[in-house]
Amino acid sequence: MDRLWGLLQRAQQLSPGPSQNIYKRVEGPQQGRLEEEEEDGEDGAEPLAHFCPMELRGPEPLGSRPGRPNLIPWAAAGRRAAPYLVLTALLIFTGAFLLGYVAFRGSCQTCGDSLLVVSEDVNYEPGLGSQQGTLYWSDLQAMFLRLLGEGCLEDAIRQTSLRERVAGSAGMAALTQDIRAALSRQKLDHVWADTHYVGLQFPDRAHPNTLHWVDEAGKAGEQLPLEDPDAYCPYSATGNATGELVYAHYGRPEDLQHLRARGVELAGRLLLVRVGVTSFAQKVASAQDFGARGVLIYPDPEDFSQGPHKPGLSSHQAVYGHVHLGTGDPYTPGFPSFNQTQFPPVESSGLPSIPAQPISADIASRLLRKLKGPVAPQEWQGRLPGSPYRLGPGPGLQLGVNNHRASTPISNIFGCIEGLSEPDHYVVIGAQRDAWGPGAAKSAVGTAILLELVRTFSSMVSNGFRPRRSLLFISWDGGDFGSVGSTEWLEGYLSVLHLKAVAYVSLDNAVLGDDKFQAKTSPLLISLIENILKQVDSPNHSGQTIYEQVVSTNPSWDAEVIRPLAMDSSAYSFTAFVGVPAVEFSFMEDDQEYPFLHTREDTYENLHKMLRGRLPAVAQAVAQLAGQLLIRLSHDHLLPLDFGRYGDVVLRHIGSLNEYSGDLKARGLTLQWVYSARGDFFRAAEKLRQEIYSSEPGDERLMRMYNVRIMRVEFYFLSQYVSPADSPFRHIFLGRGDHTLGALLDHLRLLRTNGTGAPGATSSGVVPGLGFQESRFRRQLALLTWTLQGAANALSGDVWNIDNSF
């Protein structure tokens, strides 16, 4: 009691005098400001406008209020001490609350699942000098959609498709200047172009390619007219190839295996294969692996859209397509084709050694009618007129290919909006500009959408928007020859881009129909794509979003929409070569190919008829998808790349190895190493998820550190144990070579084929006829294991945080 009495006496001595200011809430029209009512406070004191509206008021003298008795000294002393006691209690309570809160967040194991869900209330800072307040996602979305609606995509598609733009042509040079000028008129921070001198292959006008019948004596006879003489296969081997003809369906390895099982020999023969399912390059590579001498590729009506209201491909048209099993300039593999570069005398291993030529359906029909041998399976039957398709062989043919190589300048065009907080991190969007023929669907649509997005984001900058990360808009050249322009740029800046590029969005082949939507993408972007699909209206189902349209037919939306990146996708090199997550999405016809792609009939008129007048709506939907992806990727504080998705990919792919564990065990071998690396990756991903969830979102330094780790997850899956020059596609899941999971699986399958290699598997490194090799298996397993272990270690962060069970 004596101690309490002393405390109260001390409090009375320290109590404020009558000049102390107290706060009083201001009501009515004065609300929203702080006011000092008495003159006792300090003159010029600045009001604290962020707090609840208050009025500054001096205390009334004791006993000055009418009807209130004076307080006794004990009560007065207690009243003065009370604020200090309350303040002490509040401090203790606040400290305890914060300690408990931090402990709870750090220990919650179930909260991490919601980490990478893109929220709807993420706020965005306006640009420097802007008078606009805080921009939220809904504000940015509304601004983007309003400004996007002001463009005219359809007219741009029409005008672009009317211009000649074969790579290296005079028409392409003029279009390059026009697009660069169009970018320069927008509110961009940088506009520039780079030029590469690449080896492209063109038909020889003086010596066109030929196809002749061959008599029993081996002499060339009647010539079959190639009705579309301008159609050819760039990078085909040149020269003459003679042999009997065999019908080989789509030319897949399984198709060729079926022929061999039916007793139809392929070595020394010419193969007739249909367009579709696999790329031209894959068809020719498989034929070469099985010993064929040449390949003829034709479009079968069975594989393309048909209907009374949909146009079809003319039976006189052939389909163009390159046959380099790779991307970029095949005469400078792994090196950028800048002028005056001294290249080593090597060629890409993806160049074929046999000739290939596209032919029309009419010529294919004439050839099929000459075939003998067993009738083809029912699923191999097409819709060309005549008798049922037979496998062959048929009469002899001689194919002559006289294409020539030319050093050709190509130009990529760039436009950039610099980021405000992370300008050294780039979100890239690009579209192919060149085309063989009109190329309305192939590249005119993508070019028009790219230009419209540049204009829209430029207008957004003028309206106060400034992305956190830089936006890079690119118009590519040389795309019809195998993404040559984009690959050469990647090769030129390989050491930079894997550190700075966040993601790539491709606009190529974006509108090939309107029935269904597909996305070829890295797993890191799947969650973000799902979120955006829920916010974009379907172009042909009124009142539904694209996501609702998809799940109405298949509740498993990702099984319906998501596809792996294929080599013929322009986005493939970004992921498989550089390690940057990428996406290429398309609206397509339901279960049918767009018939005019890579033909002279890929015109604006045919594309418009194919979509029954809905081309503007579908193109607008693509622009909305791409634009909202760009906003999220360039301006979310935490990058919306779902690294947890790769845990599922790892589990699914490595799970396919389980069926061979018994065969390996019988040989004294084990897959335990790779299983252990898989477990370390899971633990590293979960640990990073929990770290991010428990961190302070407003800590810019910490967010940038997390973003750097997240954006490099894709790069972690590039094998560091193989040379980019020798094996450019180093990705262990998407790449090509002995270091990939696909190569390891192909090798393991030899355990069950009595030691006979499967021809056609050489693309993944399996040599036919050698059988299973234990030393090679151990090397493959080490390459795969340590790449996966390296990904787990990198995801863990600093070396002192790595805790694996190896």
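A: In this predicted model, strand S9, residues 239-247, pairs with strand S10, residues 270-274, in the parallel sense, and 3 bridges join the two. One of the residues involved is Tyr247, whose bridge partner in S10 is Leu272.

The two strands belong to an open sheet of 7 strands, arranged in the order S8-S7-S13-S9-S10-S11-S12. Reading along that order, S9 stands between S13 and S10, while S10 stands between S9 and S11. Although S9 and S10 are parallel, the pairing in the sheet as a whole is mixed. The edges are formed by strand S8 (220-223) and strand S12 (356-358), each of which pairs on one side only. From one strand to the next, the twist averages 35°. In a regular strand, the side chains alternate between the two faces of the sheet.

A helix also belongs to this picture. Helix H8, residues 361-368, lies across S9 and S10, and also across strand S7 (210-214), S8, strand S11 (294-298) and strand S13 (396-401). The direction of H8 is at about 120° to S11.

Strand S16, residues 469-476, is mostly covered, with 8 of its 8 residues buried. Strand S15 (residues 422-432) runs parallel to S16, and 8 bridges join them; Gln432 stands opposite Trp476 in S16. Strand S14 (residues 404-417), by contrast, pairs with S16 in the antiparallel sense over 5 bridges. Here Phe414 stands opposite Ile474 of S16.

Between S16 and helix H10 (484-492) there is a loop, and Ser483 lies in it. The relative accessible area of Ser483 is 10%. Buried means under 20%, and Ser483 therefore counts as buried. Leaving aside residues up to four places away in sequence, Ser483 touches Thr327, Gly328, Gly478, Ser569 and Ser570.

Helix H20 (residues 672-693) and helix H24 (residues 774-796) have axes 8 Å apart and pack at an angle of about 15°. Angles under 35 degrees count as roughly parallel, and H20 and H24 are therefore described as roughly parallel to each other. The crossing of H20 past H24 is left-handed. Among the residues that make the contact are Trp673, Ala677, Phe681 and Leu688 of H20, together with Leu781, Leu784, Leu788 and Ala792 of H24. The residues of this contact comprise 13 nonpolar, 3 polar and 2 charged.

H24 also takes part in covering another helix. Helix H23, residues 741-749, is mostly covered, since 7 of its 9 residues are buried. These are Leu741, Ala743, Leu744, Leu745, Asp746, His747 and Leu748. The cover over them includes H24, helix H18 (645-655) and helix H19 (661-666).

Finally, the sheet may be set within the whole protein, which has 24 helices and 21 strands. Of the 806 residues, 53% are buried. Among contacts between residues at least 6 apart in sequence, 78% join residues at least 24 apart.

Conventions: Residues are numbered from 1 along each chain as its sequence is written. This is a predicted model: local features need pLDDT of at least 70, side-chain atom pairs count only at pLDDT 80 or more; totals for chains, interfaces and linings use all residues. Side-chain values use heavy atoms; hydrogens and water are left out. Axes are lines fitted to C-alpha atoms, for helices over the stretch in contact, and angles run from 0 to 180 degrees between N-to-C directions. Helices (H or I, at least four residues) and strands (E, at least two) are DSSP runs, numbered from the N terminus. Angles under 35 degrees count as roughly parallel, over 145 as roughly antiparallel, 65 to 115 as roughly perpendicular and the rest as oblique. A crossing is left-handed if the near helix is turned anticlockwise from the far one by less than a right angle, and right-handed if clockwise. Contact means heavy atoms within 4.5 Å. Ala, Val, Leu, Ile, Met, Phe, Trp, Tyr, Cys and Pro count as nonpolar, Asp, Glu, Lys and Arg as charged, and the others, Gly among them, as polar. Buried means under 20% relative accessible area, exposed over 50%, partly exposed in between (1.4 Å probe, protein chains only). Two strands pair if DSSP finds at least two bridges between them.
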